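The structure comes first, followed by the description.

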Amino acid sequence: MLASSKSRLGLMLVTPALIFTSVCFLLPVAALLLDAFRIGGPDSLDGGPLQWSLARFADFFAEPLHLQVLWRTLRIAALVTLCSALLCYPAAQAIVRVHARWRGLVLGMMILPLMVSPIARTYAWIVLFGRNGAVNAVLLHLGLADEPQRLLFTEMAVFVGLLQLLLPLMLMSLVSAMENISADLALAASTLGANAWQVFTRVTLPLTQEGLIVGGTLVFTGSVTAYVTPALLGGPKVLMLETLLYQKVSVESDFGTANVIAVILVAMTLAVNAGLKRIAAPRRTT
Amino acid sequence: MKQGLFPRVVLWAVMLFLLGPFIIVFLAGFSGGETLAFPPPSYSRRWIVSVLQAEEFRQAFGTSLQIGLLATVIALLLGVPVAYAMSRMPPPGMAVIKQVLTSPLIIPAMLVGLGLLRHFVLLVDAPVFLGLLIGHVGLLTPYAVRVVYSSLANLRVDIEEAAITLGATRLQTFRLVVLPNIRGAVIAAFFLAFVTSFNQVPVSLFLTGPGISTLPIEMLGHMENSFDPSIAALSTLLVLFTMAFVLVTEKVLGISKYM
Amino acid sequence: MSYLNLQQVALGYGNARTAVEGLDLAVQRGELISLLGPSGCGKTTTMRAIAGLIDLRAGRITLDGRDISRLPPNKRDIGLVFQSYALFPHLNVFDNVAFGLRLRKVPAAELRQRVEKVIAAVGLSGFEARLPAQMSGGQQQRVALARAIVIEPKLLLLDEPLSNLDAKLRVQMRAELRRIQRELGITMLYVTHDQDEALAMSDRIVVMNSGKIEQLDTPEQLFNAPRTRFVANFMGFENLFDYRHGQLHGAAGQLPLAGLPANTACAGWRVQQVQVGSGPYEGRVLSRGFLGEHVEYLLQTALGEVRGMAPAAQASAREGDTVRFDLPVQDALALAA
């Protein structure tokens, strides 16, 4: 194959997707992000000439509700990430030890939820947490409460919903990381005197670091950019960044603020992804 | 092994946590009552029947199906050549190109929907269906690339060289030698993309319009206004549909190895 | 006019230094010519360039009077048998072999006849429905050969086709290939690093080293009269020494030897030619290896290390012993500068 024509052919094959992604994806999003840094112009409500400004950001951060939403989003995302890691380490450990025959089935059952609509997955919590739902029924029955508690539209509900939504991502990451660790390593460590906890912290944890980081990134960004779950379980009372964004656009037609939120969302996901690359990269040398 | 008890228990708890809700949704879907009381006062198929007959849901289902199929096909048409180029003949600047093409996986989907709405659909007064389609295609293409690429990376190059020395053109080589050997990956990519499109919410939020709505959006809208078990019933149907889909393709093709 | 002609061909990979430089080669029609040399000498690179899988940096290639230097591989009418066989995993034997004919739109009846004939020629009748995964290495190799032959190419290139087979099968297949080549009269270019293989099969051998041709000759000539130090070493002359002013010069010192031609710069002996047990020189046994009829000795001598042999019955010397040995001048290979 003539080398130069090969390169050219490669370019040709990539071009349609490249053009499509740039024009139909990156450009509109870039325009959106840019708008957050500008005020005025013929289409705006403010009037005045089009100019660069950080005024929108200033306005955004001045509003206490916005700060509350931002903080809440980060808080819940961090909590979900932490809990998913805590739960998935033992669970992944168990999966890796499962007999090969059942492994496929178990993994399939873990992956299945990811294929189902987030609406269906979140719905169960609505059923459970509702005024007439199961949890309240149990509480009343056991006499732990006098009247139906408001469980829906609380931070806890959003937390639980997000945890259930994103757990499989962390699980898959950790399982694949653990599969690469020979079972002999833990055995060797224990013959050298390590107890279970030490084996975990000194052998398992360091070796699955990359899987943990990948899973953590997926879960964290998934939490920050989730819409359906916060919308259904948090509602207008417990707003997260994306539900706030939606509200600004559909209810208030406040595109200016919406653009600012967009910038914040992109900045967060890019930062987390970049951070991942930086932490993961030095590993390559070992 | 005693040490294995704790992880095993956690695993069972996690599995219950992940899969239990489906059972709840099933039960709620077959509720005979008027509201979302749980446990349901009685069981009946009335809500299942009612959603199957509801016009707005049928239409939304149709739209979701159309968008899903079209977007998936287009995503494959765009993505398979990319996967091939990436593995066999990387063009100059491959690293940058890769970043650009995987950006849809990083950018929050809602922003894409909003961006497309404001800077495309409204700008050129494009039909709603087109905007929705574009949004979905953009989201699905990286999946197509990723799944097909991993299969191509494992395919030996020498068989393509053999075909060429036997007289085949590049196109013939692709059609007669490469494609048959990545068939599984292409089909897996098809299913993965289709399911992703079908369940998509954030992109579709801003891109749907009067008469053109995807099923998830329609469901969300319904939930705002009424609190009957019809959405539970619909969710039940969707879950059964998805489960059957996934189980059959996993059995026939073993797609989980392509993820 | 030779059938295949390479003129001043230069080849390289990417931006790296040239792998092959100033290569001239003329192959006659119906010849079986081997490219022989160690790894990295450029033989596979040369073959891939002839096939069209690598671009020429300089020079020309002509085949049957046609300049093919700029032609893409699928238009050169050259068959290539890969070291890895490269059989299409999704096609059975028949379809693998028929692949090239189908591309050429050969009518069905003729196609069937030609394919079956060539499958029989390689001894695989009855295997038509098998998939590559269901066959042994030797069988796969024969399918690869059949697939390349059936299109009746002008030239057949074989890239170390036997290197993945076990020793016994290799010897067997070697004879088969030679027979088929003779029968069909195909011009063949055969790449190998195995000296025995090249000697057994070829009409002529091209010995390559670091991108250049060291010697191009018949097997007999190459074996008996290597013209350079590299070729001599490659052909089994393990004892090679510089020669100046009547003295052999080795790594450790020198020994006198008279009777070599005046312009000799280098003298060499095969292991079998160095007699251990008697002779004018002395050495200490470093190691001793039993070979059945003979015993092979590695000696430390004034020259450095010398390898020789003695008939088993007379090989009483052990490690550490001092023995006499001879470098018979009449058996010496004398190379001029």
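## Helix packing and chain make-up

Helix 8 of chain A and helix 9 of chain A cross in a right-handed manner (left-handed if the near helix is turned anticlockwise from the far one by less than a right angle, right-handed if clockwise). The model is predicted: local features need pLDDT of at least 70, side-chain atom pairs count only at pLDDT 80 or more, and totals for chains, interfaces and linings use all residues. Residues are numbered from 1 along each chain as its sequence is written, while chains are lettered from A and ligands numbered from 1 in the order in which they are written.

Helices are DSSP runs of H or I with at least four residues, strands are runs of E with at least two, and both are numbered from the N terminus. Helix 8 of chain A spans residues 183-191 and helix 9 of chain A residues 196-207; their axes are 10 Å apart at an angle of about 135°. The two helices are therefore oblique to each other.

| Helix of chain A | Residues in the contact |
|---|---|
| Helix 8 | A:Leu185, A:Ala186, A:Ala189, A:Ser190 |
| Helix 9 | A:Val199, A:Arg202, A:Val203 |

Residues are in contact if their C-beta atoms, placed from the backbone, lie within 7 Å.

Chain B has twelve helices and zero strands. Its C-alpha atoms fill a box of roughly 70 × 65 × 30 Å along the principal axes. Of contacts in chain B between residues at least 6 apart in sequence, 73% join residues at least 24 apart.

Conventions. Contact = placed C-beta atoms within 7 Å. Axes fitted to C-alpha atoms, helices over the stretch in contact; angles between N-to-C directions. Parallel < 35°, antiparallel > 145°, perpendicular 65-115°, else oblique.
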